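Hi,

Here is the structure I promised to pass along. Have a look, and my notes follow below.

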Amino acid sequence: MTAVAEQAVGQPVREFVSGTKQLLIGGQWVNAASGRTFSTFDPATGEKITEVAHGAAEDVDRAVAAARRAFDDGPWSRTTPSERQRLIWRMGDLLLARAEQFAQLEALDNGKSVAVAQGVDVAWSADIFHYYAGWATKIEGRTITPSVPWIPGSQWHAYTLREPVGVCAQIIPWNFPLVMAAFKLAPALAAGNTVILKPAEQTPLTALLLGELFLEAGFPAGVVNIVTGFGDAGAALAAHDDVDKVAFTGSTEVGKKIVDAARGNLKKVSLELGGKSPNIVFADADLEAAIPGSANAWLFNHGQCCVAGTRLFVEDSIFDEFTAGVAEFASQVKIGPGLDPTTQLGPLVSQEQLDRVTSYLRQGIADGARALTGGGRHGDSGYYVEPTVLVDVREDMSVVREEIFGPVVAAIPFSAGDGLAAAANNTEYGLAAGIWTRDISKAHRVAKQIKAGSVWVNCYNGFDTAIPFGGYKQSGWGRELGAEAIDLYTQTKAVNVAL
């Protein structure tokens, strides 16, 4: 760490990153089988934070074997629902008790605001564990009264059981490392599964700190295993014949590779993938709320958010006024390192991501788009990009059609009668959408027309742990959060008894 970073974090974080981080396999911290490590970097400076074990296929085999033993033979399969509830609830409590450490580590490794990391990421992750702790005792089957008319006079007693899927591989992205881990771990554990978690190579640290909490909470060995590494480790998990389910959050391109890899044993697959979400502002909207709301729809988490409202549809009669307001708001945000609690827009996660976003900006401007604000890199150190509002765009431009994953929005005018829903749905994605209007009937009509898994009215990023989240079209399979997440990690067994 740099001297500035060391001063900004507390002693627990400094101690945590002081040595090489290991893999968690079978309840033990171990080196990678190869002995290799890789570096993780502070995106605010590009400086190395620490070294992390470079897990690969052999380590995946070890982790899967540990998870299989814990599921088939270990104490986890004999743990009662109330015992699982207590352990998972304990995880939420431990997260809150160490909220400052987790927030500082997330800001250091990911670049996000430490204030947002503590107030949103850590708090929400704890809420997710608390919410699914309650589900552990509420997973139920049902009874059925069969007819079996082809056996006259027969009597039957039939019922269903909801059972855990088994060994689950969970592969998470770098944009919300802690929250995405909680999304996947909490419901899987509540349902009685065992897990191998593979965090993104760019941001492995909070997942490893979470591993310490699982041991402290008292989870049996092998129930939660953590393998850090690169894409080859994720591919080995997705293809492993002793893995019963793979859950992945990331790009649509990689999601398709996960599906291909899972074919070998037809393991269950759930996917939360990319987005290019429409955010629709009607002329009758409350502009005092809609301008900052629509700006934060693509500025939140520095634009590194799969649901980001990066296609901004604005009714033509207010288009110039509204986009000027959004550009003014965006131009005033404070850019800086995540460890500065006053920062509003931090760096992108890596040099690779910086190159990707600035390449899109250059291409968009070359194609004829005009930047009302921003348009390039911010500064000459760290991975910062200026918040950028593009106008004069066309539907065929890459900045309109492709997921950029940075603080960039393309603004598009529409008139009330020109087929708004068709334009909003003109994308391969279908993850989220926003609607701003004072007309509640209009809001409901448009919400029904939009092909997206989440639609927010007069707000954006309106998440809650109890509300299901997932995508239409190429934005994914299945729903996380809410009761639906339990469905991802259980399977139904029917039992029919002749009396």
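In which sense do strand 15 and strand 16 pair, and over how many bridges? Strand 15 (residues 388-391) and strand 16 (residues 408-414) run in the parallel sense, paired over three bridges; pairing here takes at least two DSSP bridges between two strands. Val389 sits opposite Val409 in strand 16.

Before the rest, some ground rules. This is a predicted model, with local features needing pLDDT of at least 70, side-chain atom pairs counting only at pLDDT 80 or more, and totals for chains, interfaces and linings using all residues. Residues are numbered from 1 along each chain as its sequence is written, and side-chain values use heavy atoms, leaving out hydrogens and water. Helices (H or I, at least four residues) and strands (E, at least two) are DSSP runs numbered from the N terminus.

Back to the sheet: seven strands make an open, mixed one in the order 14-15-16-13-12-17-18. Strand 14 (370-373) and strand 18 (454-457) are at the edges with a single partner strand each, so one side of each has no neighbour in the sheet.

Then there's a helix pair. The axes (lines fitted to C-alpha atoms over the stretch in contact, with angles from 0 to 180 degrees between N-to-C directions) of helix 3 (residues 57-72) and helix 9 (residues 231-239) come within 9 Å and cross at roughly 45 degrees. Ala57, Val60 and Val64 of helix 3 meet Ala233, Ala236 and Leu237 of helix 9, contact being heavy atoms within 4.5 Å.

Cheers
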